[in-house]
Amino acid sequence: MPELFHRKLERSAIGFVLAIIAAASVGGIVEIAPLFTIDETVEEAPDMRVYTPLELAGRNIYVREGCYACHSQMIRTLRDEVERYGPYSLAVESQFDRPMLWGSKRTGPDLARVGGKYSDFWHVAHLINPRDVVPESNMPAYAFLARTELRTSDLGQHLAAQQALGVPYTDEMIANAPRDAYGQAFPDSEAASGVTERYGEATSVSAFDGVATRLTEMDALVAYLQVLGRLTDAAFRDTAATEQAPDAED
Amino acid sequence: MFEISHETLVAFAKSWGLFYLMGFFLCVVAYAFWPSNRKRFDRAKTSILDREDKPWK
Amino acid sequence: MIRQLTSSERQFAAAILLLAAGVGLAMAATGRHDPLGVHGVIVLLFSGTLLYPVLTGFYEPEPKEDREASYYDDPIKVGIVLTMAWAVFGMFMGVWVAAQLAWPDLAFDAAWSTFGRLRPTHTSGVIFGFGGNALIATSFHVVQRTSRARLAGQFSPWFVLFGFNLFCVLAVSGYLLGVTQSKEYAEAEWYADIWLVIVWVTYFVLFLRTIARRREPHIYVANWYFMAFIVVVAILHIVNNLAVPVSWGHAKSYTIWPGVQDAMVQWWYGHNAVAFFLTAGFLGMLYYYLPVRAQRPIFSYRLSILSFWGITFFYMWAGSHHLHYTALPHWVQTLGMTFSVMLLVPSWASAGNALLTLNGAWHRVRDDATLRFMMAAAVFYGLSTFEGSFMAIRPVNALSHYTDWTVGHVHAGALGWVALITFGSLYTLVPTLWNRERMYSARLVEVHFWLAIAGTLIYVFAMWNSGIIQGLMWRTYTEDGALAYSFVDSLVAMYPYYIARAFGGFLFLIGAVVCCYNIWMTVRSVPLAKRRERDVPAAVAVPGE
C-alpha cells in the first residue's frame, strides 16, 4: 500500500480521514479519559463482596436472556424512584459488573434492589409463568430454566477471566468454583460450608428452585436476583438527599 | 511514571475541550468560505447531475 | 459474477473461502461443548455455500474487456437484494416482539422465542442487516459515480459484502442461541466482533482507494459522510467491544470495562452508532440521491460542509445524555446535555438544506412518490433530531428516560428517517442499476409510501402516549404524599398502545414487502432503458483549478 501515500489526491483523501478522526475522537477522549481515574472519586465500599460462582452463573443467564431489554438496574437520584425502589444506585455498586446492566428501558420494574424483596419461591413461580403470580404481567415465561441443568464445569474459567480483569477472586475461589456453585444451592451438603467461608457469612445458601436434587439454571438466576443490591450496604449508609422531579405535581 | 489526578484530567477536558471546539469551528468556516474554494464547490454541486455513466478512464 | 474475475482473483477468492471454512471447522472443534461450536458450523456452511459458485465458475473464460472502463455494479445488485431480505426479516421480528409485549403468550415454550432473545434479532436485523447492507450498497454506487472511477478492487467488494453479512448472521443466530454481550446494539460476541474489524478495515481501504482514483481534487460531500461512517464506526466498535473471552472454546466473553466506565463507553458507542451508522451514512445517501432524483443541485454546498463537521464533532460528546441522574459524574452529564442541544444546529442545517433543494420542485414531490420518500425522510430527520435534543435536557429526560417515549423517538428516526431515505434511494437506484426505464409500478411506490407514513405515525403516536403516561404515573403522588400508582398499574395502562404500536409496525412491514415485489418485477419485466445515456463517450474531466 505505500503507493497510496504518493499521489497528491491520495494524500488529500488521507488528510481528510485524519481530520475526521481528529474531530470525532476528541469528544470521546475528553469525556471518557477522566473516567479512567474515576476510581479516585468512586465511593468506598470495603464491605463489598464479589459474586459467588452460582450468582455469577445466574448473572450470565440474565445477560444471555437479554433481561436488560426490559429491566433497568439503576435507580436514579429522583425522589419517586428512591421511594419506589430504594436508595439510589452508587457507582461503586457496579464496580465488579462486566458488562454493567444499568439498562435503558423499564417495561418491567427496576431490579437494582430486588434482592430479598420476594421469597425464592415467589421468584421461581414468577419465572415459570409470570401471569400465575402477577396476572397483568407481559413478561415472557422462563419455565425452561427449571428444566435446564446448570453447566458448572467451566465456572473456574469464568472466575479466572474475571480475575484477569481485576475482580478480586482468589485462586482458592477459582479452584473451588464448581463445588461452591453446588454448595450454595444445597444447604445440607458438605460443600455448603465452603461457600460461607469464602464469600462471607451473609451469603445466602438455599435450595433456590425448591428442588434439592439437581442444580438448575433456575437456581443460579434466583441466587443472582436475590443478591441484587446486597453486595454492599454502601447505598444505605451515605447517600445524599434525592432530587425532586422538576415538575412533579405534589 | 507521572501521576495524572482525576481533577487535572477533568480540568483539562473542561478548558481545552472548549478551545479545541472553537479552533475547529474557525477552521471549518474558513474552509467553507475561502473564496478560491467556491469554484470547486460549484463544480461538485452540479457534476453529480451529469447524465454520464462511465468511469473517466 | 465469477466471470468478471481473472483466474488469479478466482484463486484468491477460493483461498480466502477455504481459509474461512478452516476457521469454521476449528471453531466447531474447540467449541463443541458450547454455542461456539454451532457458530463454527455456520461459518463452515456459509463459506462452503459461497465456495460453490467460485469453484463451478473456476475455469470459465476470463474477462476480455477493459474492466476499468465500466462501473462495478454486481456487488451493488447483490447488496440491494440482501438489504431487502434483511428488511423483511428484521421488520417481521420487530412486529413479533411488539406483539409479544401486548400478548405475551405469542411465544413457544422454548428459550429462543422469548422477548429478550428476539428483541436483539430485530434491532441487529434492521440496523445492521437492513441499514448496513443499504449503506454498503449505496456507498459502492455513490463513490463510483461521484469519483468517476470503478471500485478499486475486484474481489474486495465481495469480501466486504459477504463478510458483513456473515457478521449479521452470526450476530442474529447467536441471540437465538443465547450468545450475547448484553451491550445494546453491540450484542455480538468477541469472535464476530473481530471478524467485523477485518471486514471493516477492508471496506475502509477499498473506499479510500476508490476515492483516490478520482481525477478531481475535490471529494463530493456524500463521500465525506460515508467516510465518516466507516472511520468512526470502526473506532466505536473496537473500543466498545474490547473483551476477554472465557477461553478459546467459549462464545462468552467479559468486557474489559467495569461498571460506570462500561456505562459511559457503552453509551458513547450507542449514541454514536446512531450518529455515524444511522445518520452520517444515510446523509451520504441523501446528498447524492435527493439531488439526482430532483435533478437539482443541492441548495447550499457550503452548508453541507459546515453541517458535516458540526455533526462529526458534536455527536461525540453527546452520549452521556443516556445516563442522566445516574451514578455517572454530574459534569459528564451536563457536558452531554449541552452538546446534545448544540447538535440541533447542524442537524437542522442538513434537514433544511435537503428541503430547500426541493424548493421550486414541489410539483415533482407531489407527483413522484420516490422523491416524496426523501422529502418525508428529511422532515422526520428534522423532527427526530429536535426531539432528541429536547429529550437530552435533564428535566425532560427525568420523565422520558426508561419509558416508551425513548422507543418512539428511536423509531421516529429509524422508520421516518433511515428507512424512508433508504427506500427513496432504492427506488432511484434500482432502475438505474439494472438499466430499466422506470420502476415496475409507480402506484405500488405510492402504496408503499402511504403504508410507511401511516405505520410510522401510528407507531410514534402510540409510543409518545404510552411513554408520557408511564413517566407521569411513576411520579404521581397522592394527597398524603404516597406514590399513587404501582408499577403494574402503569403496565396495564400500556396495553392499548402496545397493540397500536404492533399494528403500526405491521403496516410498515407490509410496505417493505410491497417494495420487494416492486423491485423483483422491475428487474424481471420492465424493458431495458434506451442505451442513449451510456453511449455518450466519457468527457475528459477538468483536472482541478
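**Chain C against chain B**

In this predicted model, chain C and chain B touch through 47 residues of chain C and 32 residues of chain B. About 3800 Å² of area is buried between chain C and chain B. Carbon and sulfur atoms give 64% of that area. Charged pairing does not show up here: the count between chain C and chain B is 0 salt bridges. Polar contact is found, with 2 residue pairs across the interface of chain C and chain B, both at pLDDT 80 or more.

Which elements of chain C give two or more residues to the side that touches chain B? They are helix H4 (115-147), helix H8 (259-294), helix H9 (301-315), helix H10 (330-342) and helix H18 (532-535) of chain C. H9(C) gives the most, with 7 residues. By class, this side of chain C has 28 nonpolar, 5 polar and 14 charged residues.

**A patch on chain B**

Chain B also carries a nonpolar surface patch of about 560 Å².

**Chain A against chain C**

Now turn to the other interface. Here 88 residues of chain A are in contact with 101 residues of chain C. The area buried between chain A and chain C is about 8100 Å². Of this, 65% comes from carbon and sulfur atoms.

How many salt bridges cross the interface of chain A and chain C? The rule finds 5. In one salt bridge, the side chains of A:Arg151 and C:Asp34 meet at 2.9 Å, N to O. Polar contact between chain A and chain C counts 33 residue pairs, both residues at pLDDT 80 or more.

Five helices of chain A give two or more residues to the side that touches chain C: helix H1 (8-36), helix H2 (53-64), helix H3 (79-85), helix H6 (144-147) and helix H7 (155-164). The largest share, 21 residues, comes from H1(A). The residues on this side of chain A divide into 46 nonpolar, 19 polar and 23 charged.

**The two interfaces in a table**

The size of an interface is often given as the accessible area lost when the parts come together. The table lists that area for each pair of chains.

| Interface | Buried area | Share from carbon and sulfur atoms |
|---|---|---|
| Chain C and chain B | about 3800 Å² | 64% |
| Chain A and chain C | about 8100 Å² | 65% |

Terms used. Residues are numbered from 1 along each chain as its sequence is written. Chains are lettered from A and ligands numbered from 1 in the order in which they are written. This is a predicted model: local features need pLDDT of at least 70, side-chain atom pairs count only at pLDDT 80 or more; totals for chains, interfaces and linings use all residues. Side-chain values use heavy atoms; hydrogens and water are left out. Contact means heavy atoms within 4.5 Å. Buried area is the accessible area (1.4 Å probe) that two parts lose on being put together, summed over both. A salt bridge is a side-chain nitrogen of Lys or Arg within 4 Å of a carboxyl oxygen of Asp or Glu. A polar contact is a pair of N or O atoms within 3.5 Å; within protein, one must be able to donate a hydrogen and the other to accept it, and residues adjacent in sequence count only if both atoms are side-chain atoms. Helices (H or I, at least four residues) and strands (E, at least two) are DSSP runs, numbered from the N terminus. Ala, Val, Leu, Ile, Met, Phe, Trp, Tyr, Cys and Pro count as nonpolar, Asp, Glu, Lys and Arg as charged, and the others, Gly among them, as polar. Patches are made of residues with over 30% relative accessible area and no salt bridge: like charges are joined within 9 Å, nonpolar side chains (Val, Leu, Ile, Met, Phe, Trp, Tyr) within 5 Å. Accessible areas come from the Shrake-Rupley method with a 1.4 Å probe; for residues, only the protein chains shown count as cover.
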